[in-house]
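Please work through each task before reading its solution.

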Amino acid sequence: KKGELMMSFIRVENLTKRYNDVDAVKGISFTVEKGSLFAFLGSNGAGKSTTIQILCTLLEKTSGNVSIDGYTIGTMKDNEVIRRLIGVVFQQSILDNILTVKENILHRGRFYCLPKVQLQENYQFVKQFLQLEDIEDKKYGELSGGQRRRADIGRALIHKPSLLFLDEPTTGLDPHTRQFVWEAIDRLRKETGMTIFLTTHDMAEAETLCDRVAFLHKGKIQAIGAPSKLKHDYSDESMTVQL
């Protein structure tokens, strides 16, 4: 298998993305190890979502080299393989408001041509892992924000991907639901060995969950490393107040 020859599960080299005259991503390079939890940390417009869309094969890069598990993004054959390796939770929901949570998740699983028995087994895993018992028969459009987020993650996990992308997974959630999502992400990585890549603008979220963090600002990586090391290197105990 090609992926066995790669030390890093995700490898990005000099990635750029240009929209007309605007450079949204400016020659970034980084790697993500298999089974780790990696995050992009940065404000809106930093280039986080653009990079995620390229890694998910939803957006064409302008230049650079990107591979996932040894498969190269940009070739039609490898793109198809990559799409089966990954699960994605977007900022905006893509589920059907009329269907129930269970119907939505099972319908999504059929896109991967899973055998019926395996699909049901996977659904039971997702249902138990995300505690969907209380909402699985409710229509998605009737759910609260926190309930929708659980269903969104369930949709992304139904085919048991090797790599899960989470784009701002806790934005707008109440503290209780936010903690549940944090704990679910942490358990998922530890219990399944899944590689997880999230974007966030919340340092507390990155520090709580991640092995490594990359700070993005205006399309460039400003710093990358373990959260504890970055805090040590860049934090300051003094405070200046300007009046």
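**Exercise 1.** Determine how α5 and helix α6 pack, and which residues make the contact.

*Solution.* Step 1: α5 and helix α6 (residues 175-192) pack at an angle of about 20°, and their axes are 10 Å apart. Axes are lines fitted to C-alpha atoms, for helices over the stretch in contact, and angles run from 0 to 180 degrees between N-to-C directions. Helices (H or I, at least four residues) and strands (E, at least two) are DSSP runs, numbered from the N terminus.

Step 1: This angle makes α5 roughly parallel to α6 (angles under 35 degrees count as roughly parallel, over 145 as roughly antiparallel, 65 to 115 as roughly perpendicular and the rest as oblique).

Step 2: On the side of α5, the contact (heavy atoms within 4.5 Å) is made by Gly-146, Arg-149, Arg-150, Ile-153 and Leu-157, and on the side of α6 by Thr-177, Phe-180, Val-181 and Leu-188.

The model is predicted: local features need pLDDT of at least 70, side-chain atom pairs count only at pLDDT 80 or more, and totals for chains, interfaces and linings use all residues. Residues are numbered from 1 along each chain as its sequence is written, and side-chain values use heavy atoms, with hydrogens and water left out.

**Exercise 2.** State the strand order of the open sheet of six strands, and identify the strands at its edges.

*Solution.* Step 1: The order is β6-β7-β8-β3-β9-β10, with mixed pairing; two strands pair if DSSP finds at least two bridges between them.

Step 1: β6 (86-89) and β10 (220-225) are the edge strands; each has a single partner strand, so one side of each lacks a neighbour in the sheet. From one strand to the next, the twist averages 15°.

Step 2: β6 and β7 run parallel and are joined by four bridges, with Phe-165 in β7 as the bridge partner of Val-88. Strand β3 (residues 37-41) and strand β9 (residues 212-217) also run parallel, joined by four bridges; Leu-41 has Phe-215 in β9 as its bridge partner.
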